[in-house]
Amino acid sequence: MEPPDFEALNFTVEAAAPSYPRCEAWRAGPEGPVFHLAHMLLLLGFMGGSGFYGLLHLLSFFSLGFFCSTLWSWSDRCSTDSFLWTFALFSVCVAQLLHVSYRLRSVSFDRDFQELYGFMFKRLGVSLTHFGKIVSCCEGEVFTVEKDHCFAVEGKTPIDKLSVLLSGRIRVTVNGEFLHYIYPFQFLDSPEWDSLRPSEEGIFQVTLSADNPCRYVAWRRKKLYLLFAKHRYIAKIFALVVRNDITDKLYALNDKAFDKSGRRYDLRLPSYCHMPETELEKADDLLQVPMQSGRPPPPPPSTFTPAAHI
């Protein structure tokens with residue numbers, strides 16, 4: 001019996017060709033410009049700010065960046081998984097961008113409240129969402145005061161709201177004497193609001209009358225304090241704008257108060273607010289100190305006593 005011919009039985013099984021070429025080595029050159037553009041757009045997306053507009057910035061650049069990454073992955077046959085992931089992220093960013101755009105469009109206000117937001121709240125970084133809660137607290141209602149009519153009467157009108165003038169001019173008087181004007185986007189009753197605790201009640205110590213037709217927005221005390229209890233951020237914003245308004249009125253009054261010798265009186269002293277001219281002259285004489293050894297008299301001491309109204 002002849003031995004089997006092993007050479008005849010020897011055969012070689014050729015491996016089946018892969019459906020796509022294998023990537024067995026690193027690329028010799030850099031990626032194309034689309035790859036780098038995608039990552040530049042993603043980098044710009046992270047530079048967006050907060051709020052709705054910051055979110056729109058972020059999602060817009062993310063959508064463009066992932067779209068460029070999808071194009072790059074599609075052109076490379078060795079990156080099927082990368083194509084699927086980038087396309088999925090692109091789809092999610094586009095869907096979220098459309099959702100945020102719809103919400104931004106739905107958060108719209110009347111012209112008066114748009115101006116109020118732009119002048120008082122936008123510069124403080126208050127988002128449209130928080131401002132929408134502020135507008136809802138006053139039910140989006142705007143009130144009017146006709147010319148020569150009173151917003152508040154001294155000793156009669158209760159302090160039960162916080163108001164901001166939108167248009168016109170309000171004259172502030174006490175005992176028939178003029179104190180100052182209130183102009184648009186200033187609070188009408190900020191000193192009264194700041195002088196009372198949430199559980200206290202009070203009445204106006206000044207009269208506020210309209211020099212011309214005025215329009216204003218008002219928040220009821222109880223509803224506003226309930227809003228503060230739910231949103232501490234809004235409470236801090238109101239505390240800031242109210243006290244800033246009081247400070248502006250205080251400095252405006254001090255710039256107008258001079259006696260006959262040119263000395264500026266501090267109108268935070270209530271005795272100077274209502275003192276007639278003859279008594280002011282007597283007070284000025286009392287403050288004079290005789291000169292000693294040719295030296296000028298020292299300046300009069302000043303004390304700080306809050307007035308009832310700025």
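This report walks through selected features of one predicted protein model.

## Ground rules

The model is predicted, so local features need pLDDT of at least 70 and side-chain atom pairs count only at pLDDT 80 or more, while totals for chains, interfaces and linings use all residues. Residues are numbered from 1 along each chain as its sequence is written, and side-chain values use heavy atoms, with hydrogens and water left out.

A residue is buried under 20% relative accessible area, exposed over 50%, and partly exposed in between (1.4 Å probe, protein chains only). Helices (H or I, at least four residues) and strands (E, at least two) are DSSP runs, numbered from the N terminus.

Start with helix α6, residues 128-137. Its buried residues are L128, F131, G132, I134, V135 and C137. C137 has a relative accessible area of 9%. C138 is buried too, at 5%.

Do these cysteines pair up or stay apart? The sulfur of C138 is 6.9 Å from the closest cysteine sulfur, in C137, and that is too far for a bond. A disulfide is a pair of cysteine sulfur atoms within 2.5 Å. The structure holds zero disulfides. C137 is therefore in no disulfide, with the sulfur of C138 as its nearest cysteine sulfur.

E139 sits in the loop between α6 and β1 (143-145). Is E139 buried or exposed? Its relative accessible area is 58%, so E139 is exposed.

N175 also has a positive phi, about 55 degrees, although it is not a glycine. Find N175 in the loop between β4 (170-174) and β5 (177-182). N175 counts as exposed, at 57% relative accessibility.

## Salt bridges across the chain

A salt bridge is a side-chain nitrogen of Lys or Arg within 4 Å of a carboxyl oxygen of Asp or Glu. How many salt bridges does this rule give? The count comes to eight.

E139 returns in one of them. Its side chain meets that of K223 in a salt bridge (3.2 Å, N to O). E139 lies in the loop between α6 and β1, and K223 in helix α8 (residues 221-230), so the pair ties together parts that are 84 residues apart in sequence. K223 is partly exposed, with a relative accessible area of 35%.

Another bridge joins the side chains of R220 and D160 (3.1 Å, N to O). R220 belongs to strand β7 (residues 214-220), and D160 to the loop between β2 (150-152) and β3 (161-167), so this pair ties together parts that are 60 residues apart in sequence. R220 is partly exposed, at 44% relative accessibility. D160 is partly exposed as well, at 30%.

D211 forms a salt bridge with R171, and their closest N and O atoms are 3.4 Å apart. This pair links distant parts of the chain, 40 residues apart. D211 is in the loop between β6 (207-210) and β7, and R171 is in strand β4. D211 counts as buried, at 17% relative accessibility. R171 counts as partly exposed, at 27%.

Which residues make up the network around this pair? R169, R171 and D211 are linked in a network of salt bridges.

## A nonpolar patch and a contact in space

V34, F67 and L71 make a nonpolar surface patch of about 230 Å². Patches are made of residues with over 30% relative accessible area and no salt bridge; like charges are joined within 9 Å, and nonpolar side chains (Val, Leu, Ile, Met, Phe, Trp, Tyr) within 5 Å. Accessible areas come from the Shrake-Rupley method with a 1.4 Å probe, and for residues, only the protein chains shown count as cover. V34 lies in helix α2 (residues 33-45). V34 is partly exposed, with a relative accessible area of 34%.

Last, look at R103 in helix α4 (residues 80-106). R103 is partly exposed, at 37% relative accessible area. R103 and T129 are 26 residues apart in sequence. In space, they are 9.8 Å apart, C-alpha to C-alpha.
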